[in-house]
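Grab the viewer and let's work through a few exercises together. Each one gives you a task, then a solution in steps.

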Amino acid sequence: MNQAKLILIAGRSLKQGTGMNIGKESADYQTAVSTLEMNGEDMGRLGLQDGDPVRIKAAGGEAIVNCRGSNVPEGLAFIAYGPWSSQLMDQETHGSGMPDSKGFEVEVERVG
Amino acid sequence: MSADAQPKTVIDDVVCAFCGCVCDDLSVTVEADQITGVKRACALGKAWLLGHSTETDRPVALVDGQPAGLEEAVEVAANLLAEARYPLIYGLSSTYCEAQRQAVALADVLQATIDCCTSVCHGPSGMAMQSVGEPTCSLGEVKNRADLLIYWGSNPAESHPRHFTRYSSIPKGLFRPNGRKDRTVVLVDVRPTPSARAADIFLQIRPGKDFEVIWALRALVQGKAIDDRAVADTGLTLEQIQNLAERMKSCEYGIILVGQGLTQSHGKHMNLTAVFLLVRDLYAHTKFAVMPMRGHGNVTGIDAVLAWQTGYPFGVNFSRGYPRFNPGEFTAVDLLSRGETDAALIVASDPIAVFPRRAIERLKEIPLIAIDTHESETTKVAKVVFTTGTTGIHAEGTLYRMDGIPLRTRQVLPSAYPNDEEVLGQLVARVTELVDN
């Protein structure tokens with residue numbers, strides 16, 4: 001299998017929060033916001049190991065980040081708020097002012 | 001005198017302006033005009049205080065990337081704003097109320113749109129409040145009275161690390177003398193976040209199914225029967241939902257602490273409307289309340305300032321000479337994505353790091369002015385940049401905690417820069433002259 005459809009959750013993380021105070025150019029922040037957390041079963045199906053680059057495609061755009069296994073449920077993926085998550089968000093707010101930032105479908109595929 | 005010879009000064013009761021908890025019991029050690037020690041802060045607060053204390057080497061302003069004086073930058077920025085036909089003022093969640101008030105005055109004189117970070121965090125909570133009311137309380141009531149805490153779509157262990165220990169589950173309260181032992185903590189979320197470890201009950205809900213579960217809870221609280229089919233796709237069993245409904249009805253004082261898991265997911269303001277109605281239903285059984293877990297240090301403050309000055313909490317448009325409110329029309333992501341905004345002033349915020357791609361592209365196309373304490377993705381591309389002192393470190397003013405309690409920040413370090421209120425005040429004065437002429 002080359003790609004998988006997952007539900008993406010973007011949100012806060014402690015390392016993203018502390019990293020932005022150290023500086024958005026810092027390695028801590030850049031790593032925190034460019035890591036996709038995935039379930040081990042989903043990673044196994046795509047032949048992925050921790051640290052492998054993946055391409056995420058969404059309605060709003062696409063981004064290439066590194067993946068890491070975590071305790072997210074199968075079928076879900078998590079990424080901390082930042083420049084990469086914003087590349088994936090669609091601008092449609094459905095009259096609320098709020099774009100869909102959580103719970104939208106993405107395609108994840110291995111890069112290389 | 002060398003830095004080594006500078007005496008240490010310990011400042012107590014320092015107010016942290018990073019997140020909506022606005023903890024006001026920090027102790028900060030200052031040596032040689034630098035913060036060298038922080039006590040009682042969480043990891044976020046400590047990083048914020050230590051990370052913002054040393055910046056003194058940036059110019060007070062940049063115009064086209066070149067260092068400029070304050071007066072010159074104000075002149076350029078005021079002209080850009082005054083010449084625009086549909087300008088936007090956005091951000092304001094990490095500055096203090098007195099500066100926010102100047103931003104509203106600027107929007108008024110420019111006949112601009114003013115929006116704040118609320119529109120991309122708890123704007124849907126505000127819309128729900130306008131629809132059905134928000135039965136809320138103070139964090140003091142939570143500490144002293146609550147025996148059932150339900151965190152729904154929020155992850156305080158990572159976003160508000162001292163919420164558990166200072167305001168909700170851990171502290172001993174007037175009617176909860178045994179603290180954590182007197183309380184039940186429930187977490188509802190789509191994934192087992194670090195906050196799940198602090199909960200007695202973790203309910204893992206399927207993404208986008210919050211409304212269905214809240215509506216099922218409303219039925220059960222009202223004494224109506226539902227069957228398994230009503231909750232079949234929610235990730236929860238009917239038994240789990242019945243158990244939660246019984247806990248809600250039988251507690252002495254319950255609180256639902258709602259996060260962006262509800263506001264940013266499918267349903268948005270309808271999710272929050274459902275929660276507020278559920279709390280209203282619970283009043284037939286017991287005392288209950290709801291509170292949004294506000295993110296930035298003074299995002300509650302900008303809602304309050306905008307509401308008291310214009311009648312509306314975010315997304316306010318002055319183009320007809322009086323305030324109008326319409327989320328989706330006058331909110332920043334929509335205005336920018338549609339290409340309507342033709343100049344923007346960003347205050348204490350970094351939308352280029354977090355907005356959707358099309359909105360970012362528009363910000364990069366138009367004259368952009370940024371006021372911030374440090375370099376950001378937004379200041380990197382702005383035509384005019386003002387460097388200001390950090391609220392709560394270099395500048396003092398009023399902040400609103402997430403429960404609407406106003407707190408006065410302290411200045412703990414001298415500032416090499418003007419504060420946000422001063423820069424915005426100068427822009428108001430110069431723009432007023434330009435508009436009047």
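**Exercise 1. A residue in a loop**

In which loop of chain A does A:His94 lie? Find the loop, then look at the backbone and the surroundings of this residue.

Before starting, some ground rules. Residues are numbered from 1 along each chain as its sequence is written, while chains are lettered from A and ligands numbered from 1 in the order in which they are written. This is a predicted model, where local features need pLDDT of at least 70, side-chain atom pairs count only at pLDDT 80 or more, and totals for chains, interfaces and linings use all residues.

Step 1: A:His94 sits in the loop between H4 and S6 of chain A. (Helices, H or I with at least four residues, and strands, E with at least two, are DSSP runs numbered from the N terminus.)

Step 2: Check the backbone. A:His94 has a phi near 55°, a positive value in a residue other than glycine. Most residues other than glycine have a negative phi.

Step 3: Check the surroundings. A:His94 counts as partly exposed because it has 14 C-beta neighbours inside 10 Å. (Buried means 20 or more other C-beta atoms within 10 Å of a residue's own, exposed means 12 or fewer, and partly exposed is in between; C-beta atoms are placed from the backbone.)

Step 4: Now try chain B. B:Asp33 is not a glycine, yet its phi is positive, about 60°. It's in the loop between strand S2 (26-31) and strand S3 (34-39) of chain B. B:Asp33 is partly exposed too, because 14 other C-beta atoms lie within 10 Å.

**Exercise 2. How confident is the predictor?**

Look up the scores for both chains and for the model.

Step 1: Chain A averages a pLDDT of 93, and 99% of its residues score at least 70. (pLDDT is the predictor's confidence in each residue, from 0 to 100.)

Step 2: Chain B averages 96, with 98% of the residues at 70 or above.

Step 3: For the model, ipTM is 0.95 and pTM 0.96.

**Exercise 3. Where the chains meet**

Work out what chain A brings to its contact with chain B.

Step 1: The contact takes 36 residues from chain A and 44 residues from chain B. (Two residues are in contact if their C-beta atoms, placed from the backbone, lie within 7 Å.)

Step 2: H1(A) gives the largest share of the side of chain A that touches chain B, five residues.

Step 3: Sort that side of chain A by type: 13 nonpolar, 18 polar and five charged residues. (Ala, Val, Leu, Ile, Met, Phe, Trp, Tyr, Cys and Pro count as nonpolar, Asp, Glu, Lys and Arg as charged, and the others, Gly among them, as polar.)

Step 4: Stay with H1(A). Its buried residues include A:Gln16, A:Thr18 and A:Met20. The buried residues of H1(A) pack against helix H2 (27-33) and S5 of chain A, together with H1 and helix H6 (156-159) of chain B. Just after H1(A), A:Gly23 takes a positive phi of about 145°.
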